[in-house]
Amino acid sequence: MKFNWGFGIALVVVIFAVGVGALVYIAASQKVDLVTDDYYEQELKHQDRIDESKRSSDLKEKIEVRAANSELKIIFPNSFLSREITGTIMLYRPSDRKIDIMLPLVLDSANTQTILTSSFQKGLWRTKIMWEYQKEKYYQEEVVIIQ
């Protein structure tokens, strides 16, 4: 078989078309998740979140988040009275929003909340802690690695 330019050009066009088709198929079959269902509502409250984060970062003593031995511990400073703290903890998994977890903030007498992580997927999680103390709202976000 003798190579000619017409056959070569046709072969390149066919390979290009198959490549574009494969790329479109792969792109269309990818899972696309918004961060949350109410993304636009949360976007409108973004300034509130910034104010809460600033209030949290201005605290003299910070909240500690520790992950070890199949436990996640959230430790509030002793300057907070546990009975006056209300709020929620969101464990956010960036790779799959279906396994995000929302928990109420329930501190024990040592200002600590312990969450068992043995059933969690291993890897990176974002801990979003939203709480209210003495009519002030706070927000703190930490990255934890569950092993």
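In this predicted model, W131 counts as buried, at 2% relative accessibility. The cut-off for that label is under 20%. F80 is buried too, with a relative accessible area of 5%.

These two residues form an aromatic pair. Their ring centres lie 6.4 Å apart and their planes stand at 80°, so the pair is edge-to-face. F80 sits in the loop between β2 (71–75) and β3, while W131 belongs to strand β6; the pair therefore ties together parts that are 51 residues apart in sequence. F80 also pairs with Y133. Here the centres are 4.6 Å apart and the planes make 70°, so this pair is edge-to-face. Y133 lies in strand β6, so its pairing with the loop residue F80 joins parts 53 residues apart in sequence. Both F80 and Y133 are buried. Ring pairs link F76, F80, W131, Y133 and Y138 into a cluster. The structure holds 7 aromatic pairs.

Strand β6 is part of an open sheet of 4 strands. The order is β4-β3-β6-β7, and the pairing is antiparallel. β4 (101–104) and β7 (136–146) are the edge strands; each has a single partner, so one side of each lacks a neighbour in the sheet. On average, neighbouring strands are turned by 15° against each other, direction ignored. Strands β3 (residues 85–92) and β6 (residues 123–133) pair over 8 bridges. Within this pairing, L91 stands opposite T127 in β6. Helix α3 (residues 46–57) packs on the sheet and touches β6 and β7. The helix direction makes about 80° with that of β7.

Charged side chains also meet rings. R49 lies over the face of Y139, at 4.1 Å from the ring centre. K128 lies over the face of Y92, at 4.4 Å from the ring centre.

Methods
Residues are numbered from 1 along each chain as its sequence is written. Side-chain values use heavy atoms; hydrogens and water are left out. Two strands pair if DSSP finds at least two bridges between them. Helices (H or I, at least four residues) and strands (E, at least two) are DSSP runs, numbered from the N terminus. Axes are lines fitted to C-alpha atoms, for helices over the stretch in contact, and angles run from 0 to 180 degrees between N-to-C directions. Contact means heavy atoms within 4.5 Å. Rings of Phe, Tyr and Trp (its six-membered ring) pair if their centres lie within 6.5 Å; planes under 30 degrees apart count as stacked, over 60 as edge-to-face and the rest as tilted. Buried means under 20% relative accessible area, exposed over 50%, partly exposed in between (1.4 Å probe, protein chains only). A charge sits over a ring if NZ of Lys or CZ of Arg is within 6 Å of the ring centre and within 35 degrees of the ring normal.
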